[in-house]
Amino acid sequence: MEFKNTKSIFTQIGDDVKDKIMEGEYKESGKIPSTRELAGIVGVNPNTTIKAYSVLQQEGIIYTQRGKGYFVSEGAKNIILKTKKEEFFTDTLPETVETANKLGISFNELQNYLKDLYHEEK
């Protein structure tokens, strides 16, 4: 895993776990790697993965079973989707619109470009 300087490493690890849940690599109610296993996979100190898992537990995305390990919570995909949509509408989209305004991109230009992108996706 390659880390970026824009976010803390434990946040990036948590985001990666969320992506794997959304992509179906980690199934709801399914077991995920232990903090030590994940630390070895991504090449970080186990304390970093412990912190990432702690945040994911607080968000209700994963849970632990004593002596068995960590598992994906039922409904985790919905929690992640809801959070990511909120982030998109509160952070990403306003930033994009601000940049478009700075570049002199009109609403119509942006709308046409978005229409083209949506047609390409389908």
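This is a predicted model: local features need pLDDT of at least 70, side-chain atom pairs count only at pLDDT 80 or more; totals for chains, interfaces and linings use all residues.

Residues are numbered from 1 along each chain as its sequence is written, and side-chain values use heavy atoms, with hydrogens and water left out.

Let me begin with the core. A nonpolar core here is a set of buried Ala, Val, Leu, Ile, Met, Phe, Trp, Tyr and Cys residues joined through side-chain atoms within 4.5 Å. Buried means under 20% relative accessible area, exposed means over 50%, and partly exposed lies in between, with a 1.4 Å probe and protein chains only. In soluble globular proteins, nonpolar side chains tend to be buried together.

Which residues touch the most other members of the largest nonpolar core? They are Val17, Ile21, Ile32, Tyr53, Ile61 and Ile62, out of 18 residues. Two or more residues each come from helix H1 (9–22), helix H2 (35–42), helix H3 (46–58), strand S3 (69–72) and helix H4 (76–102). Helices (H or I, at least four residues) and strands (E, at least two) are DSSP runs, numbered from the N terminus.

Consider isoleucine 62, which lies in strand S2, residues 62–65. Isoleucine 62 counts as buried because its relative accessibility is 3%. Beyond its neighbours within four places in sequence, its contacts (heavy atoms within 4.5 Å) include Ile32, Tyr53, Leu56 and Ser73. The C-alpha atoms of isoleucine 62 and serine 73 are 4.9 Å apart, although 11 residues separate the two along the chain.

With the same exclusion of neighbours within four places in sequence, valine 17 is in contact with Tyr26, Leu38, Tyr53 and Leu56. Threonine 35, in helix H2, is buried at 12% relative accessibility.

I turn now to the helix pair. H1 and H3 pack at an angle of about 55°, and their axes are 8 Å apart. The axes are lines fitted to C-alpha atoms, for helices over the stretch in contact, and angles run from 0 to 180 degrees between N-to-C directions. H1 and H3 are therefore oblique to each other; angles under 35 degrees count as roughly parallel, over 145 as roughly antiparallel, 65 to 115 as roughly perpendicular, and the rest as oblique. Among the residues that meet across this pair are Ile13, Gly14 and Val17 in H1, and Ala52, Tyr53 and Leu56 in H3.

Finally, the salt bridges. A salt bridge requires a side-chain nitrogen of Lys or Arg within 4 Å of a carboxyl oxygen of Asp or Glu, and the count comes to 5.

One of them joins lysine 20 to aspartate 16 at 3.2 Å, N to O. These two residues are 4 residues apart in helix H1, about one helical turn, and aspartate 16 is partly exposed at 22%.

Another joins lysine 84 and aspartate 19 at 3.7 Å, N to O. This pair links distant parts of the chain, with lysine 84 in helix H4 and aspartate 19 in helix H1, 65 residues apart. Lysine 84 is partly exposed at 33% relative accessibility, and aspartate 19 is partly exposed at 31%.
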